[in-house]
Amino acid sequence: MSPLAIGGIAFCFVFGAACLGMLLHSRLPDGHLSGDSRDAIKLATAIVGTLSALALGLLIASSKRSLDDANGELRAWSARIVLLDRVMAQYGPDTKEMRLVLRALLEARIRHISGTYGAAAGVFDDLDVEPLQDGLRRLTPENDAQRWLQMRALQLSGVIAEAHWLRPETETEEFPSLFVAFLVIWLALLFGSFGLLAPRNATVVFTLLVSALSITGALALIIDMDHPYLGLVRVSQGPLVLALDRIGQP
């Protein structure tokens, strides 16, 4: 389920709970909303509010770590691409076609980050490094220097291939749905108490509407940030563009 869909469902629950609380406000006997009853409700909602704040803090920390890890992986991947290109350039003209393959690989990754690809399976097929590794293995070094450069190129391509096959796991990883469900329930209880204790007028309804929209929108953005290669909040393709400018040089 997409983050926007989760945010929309959460908004319906949260604002619906606030409306239900306002509806109950006019139907409950006066004793149920006396001073002591209000104090008890406020104490209970304070606990729920604290739990909700802690849960949101944990979600933000988890999503921020995912985004930072993706940015770090992208910078490291770009640096290894440039380094591999330099190693092949030092090997000699035999690697000219493989350097073109490396450039195409980098361009495919940029298109992937830009979101111009369709299905994820096709994306990862286009980012496969194995054809490049096959070409490196077929090289016939003429001296010790070329032999070392071939081994170094194979080592770098192996690291790039490992990152390639690890990426689908991180891009398709689902957010903890049970955790989000409990958070939405806590927020619904919190806004239900707001509606129960608040007077029924347009200002209160508008305030609750904007507040529910804000907090569920933030929840959707947090979940979206946990998928830095797929969502609206994505990693920057700046390191890839810089790498593209540097590779292919003589």
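Helices here are DSSP runs of H or I with at least four residues, numbered from the N terminus, and Gln146 has its place in one of them, helix H6 (residues 144-171). The model is predicted, which is the reason that local features need pLDDT of at least 70 and side-chain atom pairs count only at pLDDT 80 or more, while totals for chains, interfaces and linings use all residues. Residues are numbered from 1 along each chain as its sequence is written, and side-chain values use heavy atoms, with hydrogens and water left out.

**Gln146 and its surroundings**
- Gln146 is buried, with a relative accessible area of 14%, where buried means under 20%, exposed over 50% and partly exposed in between (1.4 Å probe, protein chains only).
- Neighbours within four places in sequence aside, Gln146 is in contact with Tyr91, Thr140 and Pro141, contact meaning heavy atoms within 4.5 Å.

**Salt bridges**
- The structure holds 7 salt bridges, each being a side-chain nitrogen of Lys or Arg within 4 Å of a carboxyl oxygen of Asp or Glu.
- One of them joins Asp85 and Arg99, whose closest N and O atoms are 2.9 Å apart; this pair links distant parts of the chain, with Asp85 in helix H2 and Arg99 in helix H3 (residues 96-114), 14 residues apart.
- Both Asp85 and Arg99 are buried, and together with Arg86 they are linked in a network of salt bridges.
- Asp68 and Lys64 meet in a salt bridge at 2.8 Å, N to O, and because they are 4 residues apart in helix H2 (residues 35-91), about one helical turn separates them.
- Asp68 is partly exposed at a relative accessible area of 36%, and Lys64 is also partly exposed, at 41%.
- The side chains of Asp134 and Arg137 form a salt bridge of 3.0 Å, N to O, and these residues lie 3 apart in helix H5 (residues 130-137), so about one helical turn separates them.

**Aromatic rings**
- The count of aromatic pairs comes to 3, where rings of Phe, Tyr and Trp (its six-membered ring) pair if their centres lie within 6.5 Å, and planes under 30 degrees apart count as stacked, over 60 as edge-to-face and the rest as tilted.
- Phe182 and Trp186 form a tilted pair, with 6.2 Å from centre to centre and 50° between the planes, and they stand 4 residues apart in helix H7 (residues 177-197), so about one helical turn separates them.
- Phe182 is partly exposed at 43% relative accessibility, and Trp186 is partly exposed at 22%.

Definitions and conventions: Helix = DSSP H or I, 4+ residues; strand = E, 2+ residues; numbered from the N terminus.
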